[in-house]
Amino acid sequence: MSITIVISIQVADIDNWKAIFDSAVGRREAAGIQATAYKELEGASDRVHVIITAPSKDDFMKFFSQPEQQEGMKKAGVMGPPEMKFLEEA
């Protein structure tokens, strides 16, 4: 059974972050990960949220900890560690 991850990230520039996020779709798909990005309508203009479906927490963490992923987050202007919530269907 797959899991859902909700990530909240503060970024320096949403447009730059989104371009880099979109460019990584192939790597996510190869890892069995689907992700959709959202920005807040009100409030923080520098905060994005990503809703992810992954095969398992271990699979997601393996993908997330890859050097390419970490470097991409730096290039995308991520301002600090993301807040992550791991969910499974009740």
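## Contacts along the chain

Of the contacts (heavy atoms within 4.5 Å) in the protein chain with a separation of 6 or more, 69% are accounted for by residues 24 or more positions apart. This is a predicted model, in which local features need pLDDT of at least 70, side-chain atom pairs count only at pLDDT 80 or more, and totals for chains, interfaces and linings use all residues. Residues are numbered from 1 along each chain as its sequence is written, and side-chain values use heavy atoms, with hydrogens and water left out.

## Elements and overall form

The protein chain contains 4 helices and 4 strands, which are DSSP runs numbered from the N terminus (helices: H or I, at least four residues; strands: E, at least two). Their order from the N terminus is β-α-α-β-β-α-α-β. The radius of gyration, taken over C-alpha atoms, is 13 Å, close to the 12 Å that the globule rule (2.2 Å times the number of residues to the power 0.38) gives for 90 residues, so the protein chain is as compact as a globular protein of that length.

Buried residues (under 20% relative accessible area, 1.4 Å probe, protein chains only) make up 29% of the 90 residues. Helix α3, residues 57–64, has Phe60, Phe63 and Phe64 buried. Seen down the axis of α3, these buried residues fall within an arc of 95° (from the directions from the helix axis to the C-beta atoms), so they line one face of the helix.

The face of α3 turned away from the buried side carries Asp58 and Lys62, which are exposed, that is, over 50% relative accessible area. The cover over the buried residues of α3 includes β1 (3–10), α2 (25–30), β3 (47–54), α4 (67–75) and β4 (83–87).
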